[in-house]
Amino acid sequence: MSTLVFSFGLSSAFCLLLAVGLLTSRALNPLCARLLGLNYLLIALQGALGLAVFTGVWPQAALIRVVIAMLLGPALYAYFISALRPAKLNSWRWHWHLLPALAMGLVLWQQQWSLIDGLIIASFFGYWLTVLWQMRRTKREHSEPSIPSPANTWLWILVALMPVNILLEIAIAFEIRAGARLTETYALALTGVIFALFNGITLLLALARAPIIEWMHELKRPEPSALSDADKRQVFERWQQLVEVKALYRTEASMTVTRAARLLGVPARQLSQAINGIYGGSFSQYLNDVRVTKAKALLLSHPNMSVTEVYMQAGFSTKSQFHREFSRVAGATPSAFRDTAARA
């Protein structure tokens with residue numbers, strides 16, 4: 001019991017802190033941040049009510065807790081829509097998503113206790129499938145990523161976590177039907193530990209302003225005015241120097257224009273203006289071109305180095321991307337480029 005109370009209490013505290021931060025911060029994408037904050041607030045409230053039930057302080061809190069459980073699916077779905085297809089929220093008939101909670105209220109009123117677990121699991125499973133479909137649909141409809149890479153990673157982590165929650169709910173239901181008390185089920189104890197760890201890690205990432213969270217809750221900055229040609233060149237030259245000194249071309253997965261601008265001490269839009277105006281290409285294209293230049297130098301100076309080692313040292317994360325970008329810039333595959341240079 002003490003472990004159960006501790007893990008659920010810790011998880012609820014983490015969720016409450018995340019909710020406060022997301023609901024009160026001035027965010028670049030305020031609706032997206034607010035909806036995630038609402039999710040964490042509901043989870044924190046559900047955890048607090050669970051503690052009231054587990055400790056016997058307020059057993060009747062279990063009735064409110066199951067109704068809140070039916071709101072978690074709709075709230076999480078709204079968050080995904082705000083990140084993936086924000087325009088759809090303008091026509092979103094949100095009131096239809098209250099039907100699961102109303103159905104649970106009817107079940108409680110009719111005292112059909114045996115239906116409670118099934119309704120909760122069905123709601124979670126249905127919204128998991130809906131969210132998964134929205135993620136795959138967004139990927140199919142956009143040849144280029146429609147959201148930043150850290151955002152995509154974060155959303156897929158949430159998608160992966162949803163079936164874990166469903167399986168734990170099923171395990172809890174089976175243990176209770178087998179005669180175990182709720183507070184004595186192993187699945188409930190495991191649920192508390194897993195989500196306390198996940199929410200604690202998420203809180204640390206939020207406090208550290210990690211890219212996986214920062215894309216959503218980064219503080220607003222005044223809209224930068226257009227740069228003069230001289231200012232663009234100065235920013236671009238500083239950026240070139242920073243890329244070389246810090247070897248930023250090697251940090252492909254985490255190097256976004258937002259993070260790069262923060263390292264440079266300028267607004268992200270001004271950095272994009274400078275690269276587009278002076279270099280004539282995008283932020284990602286510039287970094288890929290630098291990586292190709294480094295790869296060409298390695299191929300020529302280290303004839304015995306494998307292609308795999310070359311693309312890794314040059315900063316590419318996958319071999320397919322390396323071959324695609326190298327062929328675009330050099331007009332030949334890495335092996336053909338090396339062979340031609342050797343014959344010359």
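Let's start inside: the largest nonpolar core has 61 residues, and Y40, Y79, F80, W154 and L155 touch the most other members. A nonpolar core here is a set of buried Ala, Val, Leu, Ile, Met, Phe, Trp, Tyr and Cys residues joined through side-chain atoms within 4.5 Å. Buried means under 20% relative accessible area, exposed means over 50%, and partly exposed is in between (1.4 Å probe, protein chains only). At least two residues of this core come from each of helix 1 (2-24), helix 2 (30-54), helix 3 (61-84), helix 4 (99-109), helix 5 (116-141), helix 6 (149-177), helix 7 (186-207) and helix 8 (211-217). Helix 3 contributes the most, with 15 residues. Helices are DSSP runs (H or I, at least four residues), numbered from the N terminus.

Before going on, some housekeeping: this is a predicted model, so local features need pLDDT of at least 70 and side-chain atom pairs count only at pLDDT 80 or more, while totals for chains, interfaces and linings use all residues. Residues are numbered from 1 along each chain as its sequence is written, and side-chain values use heavy atoms, with hydrogens and water left out.

Back to L155, one of the core residues named above. Leaving aside neighbours within four places in sequence, L155 is in contact (heavy atoms within 4.5 Å) with Y79, F80, A83, L84, M135 and I147. There is also a second, separate core of 20 residues, and L227, V266, L271 and V290 are among its members.

Next, the second largest pocket, with a volume of about 1300 Å³. Its lining takes in 46 residues, and Q46, R65, A69, F124 and E169 are the closest to the centre. On a 1 Å grid over the protein atoms alone, a pocket is an open set of points where a 1.4 Å probe fits, with protein on both sides within 12 Å along at least five of seven lines, and lining residues have an atom within 4 Å of a point. Grid points are joined across faces, edges and corners, and the volume is the space filled by probe spheres set on the points. Helix 1, helix 2, helix 3, helix 5, helix 6 and helix 7 each supply at least two lining residues.

Q46 sits in helix 2 and counts as buried because its relative accessibility is 13%. Not counting residues up to four places away in sequence, Q46 touches R65, I68, A69 and L72. Over in helix 6 is N165, which is buried too, at 19% relative accessibility. Beyond four places in sequence, N165 is in contact with F124 and F195.

Now for helix 14 (residues 319-330): its 12 residues reach 16 Å from first C-alpha to last, close to the 16 Å expected at 1.5 Å a residue, that is, 1.5 Å times one less than the number of residues. Its buried residues are Q321, F322, E325 and F326. They lie on the same side of helix 14 because they cover an arc of only 120° around the axis, taken from the directions from the helix axis to the C-beta atoms. The face turned away from that buried side carries the exposed S320 and R324. Helix 12 (283-301), helix 13 (307-314) and helix 15 (334-343) are among what covers the buried residues. Just after helix 14, G331 takes a positive phi of about 75°.
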